[in-house]
Amino acid sequence: MRPWIIAGSLVGASLTSAPSEAVAPQPHVVIKTEGDFRIIQANGIPNHVTGRFPSRQNPNAIAAKDYTFRVSLKPQVATKPIATGYAWFGVALNGIPFEPGTQEFWKEDRNSGWHYEAVGGESNLGIDQSLAHVQPNGAYHYHGLPHGLIQLLGGDNKKMTLVGWAADGFPIYANYGYQDPKNAKSALKKMRSSYRLKLGDRPKSTSGPSGKYDGNFTEDYEYVSGLGDLDECNGRFGITPEFPQGIYHYYITESFPLISRQWKGLADSSFQKQGPPPGTTAKKPRRENGPEQLNR
Ligand SMILES: [Zn+2]
């Protein structure tokens, strides 16, 4: 596969068209294959309109990064799903990483085990129109459907749209897939996840949020096999435009988990973040978005 290079934009705007007074770095990504691997090098600058950052809900400015991700060209399904933990789930074709979960805990208590959801819950984590925001180190990242990128790729309900690569090497698509996963001529349909809100109330406890399961927390959801179109990793086997022989592939859905919280295969270590997870060394847990960001 030839290197796929973005300079300025997916639709081919050239660097020379950038305003001369611009100080912001231009988006840059190179995707190439080397041996058994696909290498994604990027500076993490989005190539589409974003929300205004820093904002009141998200005090961090977008900064250029120096990403080099590597995924297998021969991805293998693991014996069971693997939790992503403190790692990027994958990377989009424009070099922006995917990270659906948060390190925002109930009462800032890591030990509570209750993580706030970035999208759809009450907490306002400054998510923009591409369901993205910015980490304290300047990393712009997606929590759900990257609408700005999908638009540039000409997708939504018109075609099955490859949007990125998971750390295990399997492809990630936007939310439309073939009605019949074995038939590329079948109609497109919006994929439904097989997760739902748990019924009833959270356990009554002083070490957890209690109250109704309402989607504010990741732990409010449960997987019900067969409920939707997709498995517990928000994917399925089937034909895709890029893989006419069929492959396991992920979807990003409109509802939980949006982006899978688990990998189907073994992730490459290049998706692990540098340094310890927030809060493990600091006396006070550090929130993903800084000290004042839970706007509930
Ligand atoms: Zn985030």
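## Buried and exposed places in a predicted model

Reader: Is Arg-52 buried or exposed, and why?
Author: Arg-52 lies in the loop between strand S3 (37-42) and strand S4 (67-72), where strands are DSSP runs of E, at least two residues long, numbered from the N terminus. A residue is buried if 20 or more other C-beta atoms, placed from the backbone, lie within 10 Å of its own, exposed if 12 or fewer, and partly exposed in between. Because Arg-52 has 9 C-beta neighbours inside 10 Å, it counts as exposed.

Reader: What kind of model is this, and how are its residues numbered?
Author: This is a predicted model, in which local features need pLDDT of at least 70 and side-chain atom pairs count only at pLDDT 80 or more, while totals for chains, interfaces and linings use all residues. Residues are numbered along each chain, as its sequence is written, from 1.

Reader: Is Phe-89 buried or exposed, and why?
Author: Phe-89 also belongs to a loop, the one between strand S5 (77-83) and strand S6 (90-92). Its C-alpha atom is 8.7 Å from that of Asp-168, although 79 residues separate the two in sequence. Because Phe-89 has 27 C-beta neighbours inside 10 Å, it counts as buried.

Reader: Which residues does Ala-167 touch, leaving out those up to four places away in sequence?
Author: Two residues are in contact if their C-beta atoms, placed from the backbone, lie within 7 Å. Phe-89 has Ala-166 and Ala-167 among its contacts. Beyond four places in sequence, Ala-167 touches Val-71, Ala-87, Trp-88, Phe-89, Gly-90, Trp-263, Ala-267, Asp-268 and Phe-271.

Reader: How many residues has the largest nonpolar core?
Author: A nonpolar core is a set of buried Ala, Val, Leu, Ile, Met, Phe, Trp, Tyr and Cys residues joined through C-beta atoms within 7 Å. In soluble globular proteins, nonpolar side chains tend to be buried together. Here the residues with the most contacts inside the largest core are Ala-92, Val-163, Ala-166, Ala-167 and Ile-252, and the core has 51 residues.

Methods: Helix = DSSP H or I, 4+ residues; strand = E, 2+ residues; numbered from the N terminus.
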